[in-house]
Amino acid sequence: MKIDPPTDRLEIAGDISSQAQARLDERFMAAAIRLARKHEGLTAENPSVAALIVRFENSIPIIVGQGVTEIGGRPHAEVIALGKAGHLAKGACAYVTLEPCSHFGITPPCANALIAAGITRVVVAANDPDTRVSGKGFETLRSAGIDVVTGVLAKDAEYGLAGFLKRTTKKRPFITLKLAMSADGIVGAHSGEQVKITNNISNAQVHILRAINDAILVGSGTIINDDPSLTCRLNGLTDRSPKRVILDRRLQISAKSHLIQTADKTSTIIATKSKNEVLQPLQNQGVSILDLVNVREDQQLYYMVGELADRGISTLLVEGGAQIAKSFLDARLVDRLVIFQSNKNLVGINDAVNAPISPQNIDDFVLKNQLTFGSDIMYEYEPQNRVKNRAKG
């Protein structure tokens, strides 16, 4: 169906200068990016996108509609925002954190919805690399006579969209490795003895990381030693617990462990090389199996993360011990490295386990952020090769 462009164009920002318009665009896009974080980790295979509908009333810009991708992935942000704006969308400007979709899937294209609503200007942060959309959303809008501005705060938007972008382009989740260590680089004890390293503020930050990731991964050693729940236990965020993934090649964990006993309530996946007859009791309890039987050992991590992407997991938080951390680092599968370091020295601990990497010994990553949580410091890094590639671009 041919959609005619709007005939009653509203002057979006009057006669303000291009510099003032650019500042205004960044202001509203920054608000949209903050809004998009609301449903991070809750939108299934779709990204958490935000849209704002803005129009000028008496030369004052007013948000008349806003939306973020709904929990589960639908409806999309643009449709929600347009619904809230109603007739006020006609002649207005839409700010969207990701290129509007242009293909017919379960729902009609968002680009068409923007056109039909009478939007006259669309400002977008990040391009969509999905081949069904890439560039086609912009083309659809421009063909309808809509003014399209792209790349506004793109890098800021891509931070929150990292999982979707990685899964779309590399067919694996965006992987965050979290490590907690003492001032002298100790992460625990070989004996399995519980060692409290970081403070309660840092621990709360870890639970926020869990809340915004689709899945959390640990090794069998963590389950055997700690019997954790791997859920988000912050007030107001308990319903945002991630899926749980256990890498247990020889199936060493007990069927009585907390994770297995609660697999019917929180999605739990075990990646293992064990045979089917051993697995059936676990499957009866609700555990999903990721089969590594026919996968070479040096390919298992790559295969596993690819399979997790196929299961709709876009963001993965690796929270295991030193051995799991080293495996992901050696495989160059870490996209974001988060280290919580306390001011305590644990040199006297029996059977101390040293961290495979620390802020005092790090070569392949670049520091992007540093925050203080009480007596602890959180360091956030990204791989050096990504920074180099960005510079080339």
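Val-347 is exposed in this predicted model, with a relative accessible area of 70%. That value lies over the 50% taken as the limit for an exposed residue. Val-347 belongs to the loop that runs between strand S13 (336–341) and strand S14 (352–354). When neighbours within four places in sequence are left aside, the contacts of Val-347 are with Asp-184 and Ile-186. The separation between Val-347 and Ile-115 was also computed: the two residues are 232 positions apart in sequence, and their C-alpha atoms are 64 Å apart in space.

The overall dimensions were considered next. Along the principal axes, the C-alpha atoms of the protein fill a box of roughly 75 × 45 × 40 Å. The radius of gyration is 23 Å, which agrees with the value near 21 Å that a compact globule of 393 residues would have. The secondary structure consists of 13 helices and 16 strands. Of the 393 residues, 52% are buried. Among contacts with a separation of 6 or more, 71% are between residues 24 or more positions apart.

The accessible surface of the protein amounts to about 18,800 Å², and carbon and sulfur atoms account for 48% of this area. Charged side chains number 45 positive and 41 negative. The centres of these two sets lie 1 Å apart.

Aromatic pairing was examined across the whole structure, and three pairs were found. One of them joins Phe-28 and Tyr-95, with ring centres 5.4 Å apart and an angle of 35° between the planes. This geometry is classed as tilted, since stacked pairs have planes under 30 degrees apart and edge-to-face pairs have planes over 60 degrees apart. Phe-28 is part of helix H1 (residues 18–36) and Tyr-95 is part of strand S3 (residues 93–98), so the pair ties together parts of the protein that are 67 residues apart in sequence. Phe-28 and Tyr-95 are both buried.

Another pair is formed by Tyr-379 and Tyr-381. The centres of these rings are 6.4 Å apart and the planes meet at 25°, so the pair is stacked. Tyr-379 is buried, as is Tyr-381.

How values were computed. Residues numbered from 1 in each chain as written. Predicted model: local features only at pLDDT ≥ 70, side-chain atom pairs only at ≥ 80, totals over all residues. Heavy atoms only, no water. Helix = DSSP H or I, 4+ residues; strand = E, 2+ residues; numbered from the N terminus. Rg over C-alpha atoms; globule rule 2.2 N^0.38 Å. Buried < 20%, exposed > 50% of the residue type's maximum accessible area, 1.4 Å probe, protein only. Contact = heavy atoms within 4.5 Å. Areas by Shrake-Rupley, 256 points an atom, 1.4 Å probe, with all protein chains shown as cover. Lys, Arg positive; Asp, Glu negative; His and termini not counted. Charge placed at Lys NZ, Arg CZ, Asp CG, Glu CD. Phe/Tyr/Trp six-rings, centres within 6.5 Å; stacked < 30°, edge-to-face > 60°.
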